[in-house]
Amino acid sequence: MGSKYTKRYTEEFKRDAIALVDSSGKTVTAVARELGISSESLRGWYRKAKADRGEGEPCELTSAEREELKRLRKEVREQQQTIEILKKATAFFVKGNDR
């Protein structure tokens, strides 16, 4: 089972680890082992950094695109709630006018 404690790394540490992978010519796994971190964590950071530089897979989103998608999904959720409230209000007032 996983640990209850998830270690958080600073953005500076992540940048340095990614730079070490780029500059050393070593694999992500080897660098992660040297730094004492999970290879999957470093692999994720590295993949994200490559996407942000425009070097990722064609369908991979950049951080800016991910943030925009998150913002737009929130906006859609809020608008759907507003529409539902307006539908209920309309039904209430239509019922009131029928009396």
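1. The protein chain has a radius of gyration of 23 Å, whereas a compact globule of 99 residues would have one near 13 Å. The radius is taken over C-alpha atoms, and the globule rule is 2.2 Å times the number of residues to the power 0.38. Along the principal axes, the C-alpha trace spans about 80 × 35 × 20 Å.

2. This is a predicted model, in which local features need pLDDT of at least 70 and side-chain atom pairs count only at pLDDT 80 or more, while totals for chains, interfaces and linings use all residues. Residues are numbered from 1 along each chain as its sequence is written, and side-chain values use heavy atoms, with hydrogens and water left out.

3. The secondary structure comes to four helices and zero strands, in the order α-α-α-α along the sequence. Helices (H or I, at least four residues) and strands (E, at least two) are DSSP runs, numbered from the N terminus. Of the 99 residues, 15% are buried; buried means under 20% relative accessible area, exposed over 50%, and partly exposed in between (1.4 Å probe, protein chains only). Among contacts (heavy atoms within 4.5 Å) between residues at least 6 apart in sequence, 33% join residues at least 24 apart.

4. Helix H2 covers residues 28-35, and its buried residues are Val28, Ala30, Val31 and Ala32. These buried residues pack against helix H1 (11-24) and helix H3 (39-52). Gly36 follows H2 and has a positive phi, near 75°.

5. How do H1 and H3 cross? Their axes come within 10 Å and cross at roughly 80°, which makes H1 roughly perpendicular to H3. Axes are lines fitted to C-alpha atoms, for helices over the stretch in contact, and angles run from 0 to 180 degrees between N-to-C directions. Angles under 35 degrees count as roughly parallel, over 145 as roughly antiparallel, 65 to 115 as roughly perpendicular and the rest as oblique.

6. On the H1 side of this contact are Phe13, Lys14, Ala17, Ile18, Val21 and Asp22; on the H3 side are Leu42, Trp45, Tyr46 and Ala49. By class, the contact has eight nonpolar, no polar and two charged residues. Here Ala, Val, Leu, Ile, Met, Phe, Trp, Tyr, Cys and Pro count as nonpolar, Asp, Glu, Lys and Arg as charged, and the others, Gly among them, as polar.

7. Leu42 sits in helix H3 and is buried, at 0% relative accessibility. Leaving aside neighbours within four places in sequence, Leu42 is in contact with Ala17, Ile18, Val21, Val28, Val31, Ala32 and Ile37. From Leu42 to Val21 the separation is 21 residues in sequence and 9.2 Å in space, C-alpha to C-alpha.

8. Four aromatic pairs are found in a search of the whole structure. The pair of Tyr9 and Phe13 is stacked, because the ring centres are 5.1 Å apart and the planes are at 20°. Rings of Phe, Tyr and Trp (its six-membered ring) pair if their centres lie within 6.5 Å; planes under 30 degrees apart count as stacked, over 60 as edge-to-face and the rest as tilted.

9. Tyr9 also pairs with Trp45, edge-to-face, at 5.3 Å centre to centre and 70° between the planes. Tyr9 lies in the segment before H1 and Trp45 in helix H3, so this pair ties together parts that are 36 residues apart in sequence. Tyr9, Phe13 and Trp45 form one aromatic cluster. Trp45 is buried, with a relative accessible area of 15%; Tyr9 is partly exposed at 22%, and Phe13 is partly exposed at 28%.
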